[in-house]
Amino acid sequence: HATYADVVVESGRIARFLRERGVRRGDRVAVLVENSPEYVAAFFGVLQAGACCVALNHANKEETHRALLRDSGAVALWTRAREARALPEIVDGCPDLRFAVVDRANPGWRLPAGLGLHRADEAAALAPLDGAGEAGPDDLAAILYTSGSTGTPRGVTLTHGNLAANTEQILAYLKFGPDDSVCCVLPFHYSFGNSLLLTHVRCGGRTVIDNRFAFPQQVLETLARERCTGFSGVPSHYAILCARTDFLERPHPDLRYITQAGGAMAPDLVRRIRGALPDRIAVYIMYGQTEASARLSWVPPERLREKFGSIGRGIPGVSLTVRRPDGSECDVGEQGESVAAGPNIMRGYWNAPQETAEVLFPDGLHTGDLAYRDADGFIFIVDRVKNMIKAGANRVSSKEVEETLLQRPEVVEACVIGVPDELLGEAIEAWIVPADPAAFDEQSLLRHCAAKLASFKIPRRLHPVDALPKNSSGKVLKAELRASVR
């Protein structure tokens, strides 16, 4: 347990420690720590020192850590022995890195010459740095690496102004207060998890960390024991909770709301959740991107039943439109790309001006999502433009096929991709996590698809698997599946 007073003192000490070792305004400092009070103190300590936090995913391998340290030009690394067991391999060949800080050193470590190594308890002996730090709204606060659809990490640069704006925008519709507490299973290095941390700090609420979603029933025990008022997750979290736990049967006396973002959740799963939970528990379906600090749109809970499948409308302060390639706005029902504008939109991709120019235009952030709007202005995502499957002369939405498969109760999760095919260019195949592997019936599921979909949309093959490959935030890694069939 850590109080706000604890965090203020600890982050102030870390800020002073970094300043005394030459970290200056605009420098990048990497933080490689799993969700914990230590992460929170390090994150705010970096910001108070005037530096930019490069949040690294502890689930990555040494090679990836090293590449991102090099790319970001981080001058310091704040970590722990448990996340950086192979510290020498992580810091090897990082010319900008001046020192690393760990909770305890491994006597066997041989670090590159000239790289300083410090213990975190050195900061504990210092007086906290006073004040909020010298960084302003236009200074970089964070670089969050996202692989997007390509599998190549890109550093999304977010300013203090971006994060502050999006935090206020989210609070304007979720209306958190000091009595709210969220059960947090989302990593803080991920934009959704980062927004949970920032919104609850901003409103004076409580963030209850549980890093054990591999054991979902234990997470529900935490939710109940800590009397959390909220739970937030990506679609796979809810699919697993509904299939593997008693989430939908529990009374949840303290739960006030649940939120979902991080990809499209199948409308049938949303219906099932909304139908099972008491009406007093608000269900917020949301949409966002790391490039937008976190959040772009929401469906007001009272409109959910009439708008299943929609990502809603832009949140306060965000313009979210659907546009044609020439930049003009699409008519009702006409498909185009969703475009977002507002004070929460990133500055750009770190060290990638060409990639930045491909998504940031005078009219805003081009999200890469194919969408349409209805007569009420509610937006519906068809699919990621890059996930559209070109099967012969037809363009097929992988999302539509996935949602069709997920209509069947024997399917827990589904992922559909286009695989190389000499005749069609791409053929449709699906990876299925069955509720009961022993009872998996491919032909029955294909017949269901045939009854619901045009013939050219029916998968050529279904692959039963124990689990889909995911990153630490729960998003399915389609790039891994594509690589596995080449």
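The second largest cavity holds about 40 Å³ of space. A cavity here is a set of points, on a 1 Å grid over the protein atoms alone, where a 1.4 Å probe fits but cannot get out. Its volume is the space filled by probe spheres set on the points, with grid points joined across faces, edges and corners. This is a predicted model, in which local features need pLDDT of at least 70 and side-chain atom pairs count only at pLDDT 80 or more, while totals for chains, interfaces and linings use all residues. Residues are numbered from 1 along each chain as its sequence is written, and side-chain values use heavy atoms, with hydrogens and water left out.

Helices α6 and α7 each supply at least two residues of the lining. Such helices are DSSP runs (H or I, at least four residues), as strands are (E, at least two), numbered from the N terminus.

Those two helices also touch. The axes of α6 and α7 lie 9 Å apart, at an angle of about 75°; axes are lines fitted to C-alpha atoms, for helices over the stretch in contact, and angles run from 0 to 180 degrees between N-to-C directions. The two helices are therefore roughly perpendicular to each other, a label for angles of 65 to 115 degrees, with under 35 roughly parallel, over 145 roughly antiparallel and the rest oblique. On the α6 side, the contact is made by Leu163, Thr167, Glu168, Ile170 and Leu171, and on the α7 side by Asn194, Ser195, Leu198, Thr199, Arg202 and Cys203. Contact means heavy atoms within 4.5 Å. This contact has 5 nonpolar, 4 polar and 2 charged residues.

Among the residues lining the largest cavity are Ile170, Tyr173, Phe192, Ser195, Thr199, Met286 and Arg295. Here α7 gives the most, with 4 residues. The lining of the largest cavity divides into 7 nonpolar, 4 polar and 1 charged residues.

Now follow α7 to another partner. Helices α2 and α7 pack at an angle of about 80°, their axes 13 Å apart, and are therefore roughly perpendicular to each other. From α2, Tyr39, Val40, Phe43 and Phe44 meet Asn194, Leu197, Leu198 and Val201 of α7. This contact of α2 with α7 is made of 7 nonpolar, 1 polar and no charged residues.

Open space comes next. The second largest pocket has a volume of about 710 Å³; a pocket is an open set of points with protein on both sides within 12 Å along at least five of seven lines. Of its 26 lining residues, Phe44, Leu47, Ala132, His160 and Val201 are the closest to its centre. Helices α1 (4-20), α2 (37-48), α6 (160-174) and α7 (191-203) each give two or more residues to the lining of this pocket. By class, its lining has 16 nonpolar, 8 polar and 2 charged residues.

The whole structure has 14 aromatic pairs, counted when the ring centres of Phe, Tyr or Trp (its six-membered ring) lie within 6.5 Å, with planes under 30 degrees apart stacked, over 60 edge-to-face and the rest tilted. The rings of Tyr39 and Phe188 have centres 5.4 Å apart and planes at 35°, so this pair is tilted. Tyr39 is in helix α2, and Phe188 is in the loop between β8 (181-184) and α7, 149 residues apart.

Conventions
1 Å grid on protein atoms, 1.4 Å probe; cavity = no way out; pocket = protein on both sides within 12 Å on 5 of 7 lines; lining within 4 Å. Nonpolar A, V, L, I, M, F, W, Y, C, P; charged D, E, K, R; others polar.
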